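Here are my notes on the model, point by point. Please read them with the coordinates open.

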Amino acid sequence: MEYKHKTVLLDESIQALQIRPGGTYVDGTLGRAGHSREIAKRLTTGRLICIDRDLAAIEAARERLAPWMDRVTLVHSNFSELGAVLAEEEGVDGMLFDLGVSSPQLDDPSRGFSYMQDAPLDMRMDQSASLTAREVVNAWSYEELRRILYDFGEERYASAIARAIVRRREQSPIETTLELVDVIKSAMPPAALREKQHPAKRSFQAVRIAVNGELDALPPMLQAAVDKLRPGGRLEVITFHSLEDRIVKRTLRELARGCTCPPGFPVCVCGKKPLVRLDKPVTPTAAEVEENPRARSARLRGAEKLDGFDIGI
């Protein structure tokens, strides 16, 4: 299948990385290699390490990155394992993480991410993982379902939807995406069904995040990335919904924070110094949103590693 994938905030993120031809860079979320292509073509003696948990993305990228494979290393892993992946690296000059689900994953019905097409409930980014959306929907308790729908989907009808899922699965397992959509709709009032946003969007987001553990990995990944950057190195992160953006914003602010001693202390005793300097966040232009509606909620947050800190994970 040929996918038409538009890389979000491409020019802005590549410019923010300030790529040096001989530097070492990491694309921690390879996807369909849109960012990686632009990084690789700017390197001469440098290296690009590309990481993705989806083996299909790794295989597809071999063709897309073929002209530059002499400077590219492909790694099948999760960015939550960033420390282990980069253990042998002395330091890195820039890292990029695009936290969105790639268009091919969304558009391939067999992957089970879409609430618009019928498919088995799956939603695994890494298809070698054991936990699927089917297990979450059919085996997790009412309380667990309500929690993820509310916390991960910010779904105001979380309690009603969780109850509806439990009732339906008592009759027979919920097997497909459109079966789940029907259950979700059955729990929502008519006014909610008439809203512009698809009624299942928030619930599908919640289940997907739970299946893939997307949020838990962010703070340790960001810390590991900053630890491994050389002084002056750049970290760029693209988020697509408020949950992950809040986590990235909060974590980077903490890494940019200096002394935490009470204001009344005459001298600093905590010894804490800022690790990074933050950039102003960047959002897509109106023209990009018009061309690619999936870019609408995207936000690019960047930081620069400050001097004077040891590198190591």
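1. Glu-154 is partly exposed, at 39% relative accessibility. Glu-154 sits in the loop between α7 (142-151) and α8 (158-171). Its phi is near 50 degrees, a positive value in a residue other than glycine. Helices (H or I, at least four residues) and strands (E, at least two) are DSSP runs, numbered from the N terminus.

2. A word on the basis. This is a predicted model, in which local features need pLDDT of at least 70, side-chain atom pairs count only at pLDDT 80 or more, and totals for chains, interfaces and linings use all residues. Residues are numbered from 1 along each chain as its sequence is written, and side-chain values use heavy atoms, with hydrogens and water left out.

3. Leu-9 also deserves a look. Its phi is positive, about 50 degrees, although Leu-9 is not a glycine. Leu-9 is found in the segment before α1 (10-17). Is Leu-9 buried or exposed? Leu-9 is buried, with a relative accessible area of 0%.

4. Helix α7 has a buried face. Its buried residues are Leu-145, Ile-148 and Leu-149. Viewed down the axis of α7, they fall within an arc of 100 degrees, so they line one face of the helix. The arc is taken over the directions from the helix axis to the C-beta atoms. Against what do the buried residues of α7 pack? They pack against α6 (133-139), α8 and α11 (201-212). Contact here means heavy atoms within 4.5 Å.

5. Now helix α3. In α3 (residues 55-64), Ala-57, Ile-58 and Ala-61 are buried. They cover an arc of only 100 degrees around the axis, which puts them on the same side of α3. The cover over these buried residues includes β2 (47-52) and β3 (72-76). At the start of α3, a side-chain oxygen of Asp-54 comes to within 3.0 Å of the backbone nitrogen of Ala-56. For reference, a polar contact is a pair of N or O atoms within 3.5 Å; within protein, one must be able to donate a hydrogen and the other to accept it, and residues adjacent in sequence count only if both atoms are side-chain atoms.

6. His-198 is worth checking. His-198 lies in the loop between α10 (190-193) and α11. A polar atom of the His-198 side chain lies 3.0 Å from the backbone nitrogen of Ala-200. Leaving out residues up to four places away in sequence, His-198 touches Tyr-115, Met-116, Val-181 and Lys-185. The C-alpha atoms of His-198 and Ala-164 are separated by 18 Å, with the two residues 34 apart along the chain.

7. On to charge pairs. Side chains of opposite charge can pair when their charged atoms come close. The whole structure holds 23 salt bridges. The criterion is a side-chain nitrogen of Lys or Arg within 4 Å of a carboxyl oxygen of Asp or Glu. One of them joins Glu-214 and Arg-208, at 2.8 Å from N to O. Glu-214 is buried at 8% relative accessibility. Arg-208 is buried too, at 13%.

8. Which residues form salt bridges with Asp-245? Arg-299 is one of them, at 3.7 Å from N to O. That pair links distant parts of the chain: Asp-245 is in helix α13 (residues 242-255), Arg-299 is in strand β7 (residues 299-305), and they are 54 residues apart. Asp-245 is buried at 11% relative accessibility, whereas Arg-299 is partly exposed at 30%. Asp-245 also forms a salt bridge with Arg-301, the closest N and O atoms being 2.8 Å apart. Asp-245 lies in α13 and Arg-301 in β7, so this pair ties together parts that are 56 residues apart in sequence. Both Asp-245 and Arg-301 are buried.

9. There is also a network.

10. Last, the surface. Phe-265, Val-267 and Val-269 make a nonpolar surface patch of about 300 Å². Patches are made of residues with over 30% relative accessible area and no salt bridge; like charges are joined within 9 Å, nonpolar side chains (Val, Leu, Ile, Met, Phe, Trp, Tyr) within 5 Å. Accessible areas come from the Shrake-Rupley method with a 1.4 Å probe, and for residues only the protein chains shown count as cover. Val-267 lies in the loop between α13 and β6 (276-278). At 56% relative accessibility, Val-267 counts as exposed.

Note on methods
Buried < 20%, exposed > 50% of the residue type's maximum accessible area, 1.4 Å probe, protein only.
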